[in-house]
Amino acid sequence: MKIHGQLRRSIEADHSKQTAQIIDQTLLPHHVEWRELSTLEDAAEAIKVMRVRGAPLIGATAAYGMFFGLRADASDAGLHQAYDVLHATRPTAVNLRWALDRMKRTVEPLSPEKRAEAAWEEALAICEEDVKTNHAIGRHALELFREIQARKSDPDAPLNVMTHCNAGWLATVDWGTAISPIYQAHDAGLKVHVWVSETRPRGQGASLTAFELKEHGVPYTLIVDNNAGHLLQRGLVDVVIVGTDRVTAHGDVANKIGTYLKALAAKAHDVPFYVATPVSTIDWTIADGVRDIPIEQRSSREVTHMPGLTDQGNREEVLITPEGTQARNDGFDVTPAALVTALVTEHGAYPATAAALQELQAKL
Ligand code: MRU
């Protein structure tokens, strides 16, 4: 994707040094700063403090982290240590475990001296596949967008798409999942307008999705999260599409806190609610999302303080509550399968049901 006019990816390999470059997303949208990851600790820290975030990008970064760990210590103990350190960084996005398991499966049967090189190649492969996967998700969701557009009473009016959090290229290696069809629609000349919800408390919509859409020239309007129901009720939204951090084998969907309310409101107003998900985000080992998906508990400070920039360009946080206020900060919520119109994967759109997902799994 383009960033300041240059074609880049959210994570890039430096082949000569065998390191990875990431955009430090904690500084966006104000500063685009690239940062080098070269050790297991660098990768784990980047995921933990959300310099990189978004389920697929967390997986890709963890894959490089495994390589860094094995470069330092390719023994069985080193392998397990790298796995455990990375696995402990964030709990909800299953792509983390998916990538670590894939890396482990690749290197464990090899002798230690061959492991690091194989891990580097596998991390590169995960990144390349991610780009192709997200492009395919976008293609499939674009077909759904076209069908919705064709049903509109004024086919020349823009398609109004609502999204939540950031499931764009910053959340993946490239393209994004939920935002991929929006880019592809815009590039194909379909008029599209995006309602971007700010996504309190971390503001991924306001700072990241708005940044991406602006860079790409896609028309968008920022709303506070609580505006979503009102817009859906007024018929100002044609389709809702979000990404996900974990989908169960029965089609329940974990995504950024606030997704569930959008799904409920979309259902109430008969607006399609799509979830863009690579197969790597499906956790085939669990069925009931509310019971089985671990929900990240984050610092109350993210709720009680608002981040901003001083006139001098320094980051600062402003307290917005009475001193000492306790806040609860669930990072994600679960949308039951019944509220999901379809799961859009790289293999096409599937109903969010156990039977449809079994059919998909059988094809893999
Ligand atoms: O806490 P974050 O920013 O990592 O949460 C990200 C999301 O919830 C995304 O919507 C999800 O990972 C899908 S990314 C393609």
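Predicted model: local features only at pLDDT ≥ 70, side-chain atom pairs only at ≥ 80, totals over all residues.
Two residues are taken to be in contact here if their C-beta atoms, placed from the backbone, lie within 7 Å.

D245 sits in the loop that links β9 (239–242) to β10. Is D245 buried or exposed? A residue counts as buried if 20 or more other C-beta atoms lie within 10 Å of its own, and D245 has 32 such atoms within 10 Å, so it is buried. Once its neighbours within four places in sequence are set aside, D245 is in contact with A55, T92, A93, V94, A254, N255, T281 and F332.

Four strands make up an open sheet with mixed pairing, in the order β13-β10-β11-β16. Its edges are formed by β13 (282–283) and β16 (332–335); each has a single partner strand, so one side of each lacks a neighbour in the sheet. Within the sheet, β10 (residues 246–248) and β11 (residues 253–256) run antiparallel and are joined by two bridges. Here R246 is found opposite A254 of β11. In a regular strand, side chains alternate between the two faces of the sheet. Helix α9 (residues 259–268) lies across β11 and β16, and runs at about 30 degrees to β16.

Strand β3 (residues 11–14) is joined to strand β4 (residues 19–23) by four bridges, and A13 stands opposite A20 in β4. Together β3 and β4 form a hairpin, with four residues between the strands. In its turn, Q18 has a positive phi of about 50 degrees.

Helix packing is illustrated by α2 (residues 55–72) and α3 (residues 76–87), whose axes come within 9 Å and cross at roughly 145 degrees. This crossing of α2 and α3 is right-handed. Which residues make the contact? On the α2 side they are A62, G65, M66, G69, L70 and A72, and on the α3 side G78, L79, Q81, A82 and L86.

Not counting residues up to four places away in sequence, E317 touches H305, M306 and P307. Between E317 and P294 there are 23 residues in sequence and 28 Å in space, C-alpha to C-alpha.

The protein chain contains 12 helices and 18 strands. Its radius of gyration is 20 Å, close to the 21 Å that the globule rule gives for 364 residues, so the chain is as compact as a globular protein of that length. Along the principal axes, the C-alpha atoms fill a box of roughly 65 × 55 × 45 Å. Buried residues account for 47% of the 364 residues. Of the contacts between residues at least 6 apart in sequence, 74% join residues at least 24 apart.

Definitions and conventions
Residues numbered from 1 in each chain as written. Rg over C-alpha atoms; globule rule 2.2 N^0.38 Å. Buried ≥ 20, exposed ≤ 12 C-beta atoms within 10 Å, placed from the backbone. Pairing = 2+ DSSP bridges. Axes fitted to C-alpha atoms, helices over the stretch in contact; angles between N-to-C directions. Left-handed = near helix turned anticlockwise from the far one by under 90°.
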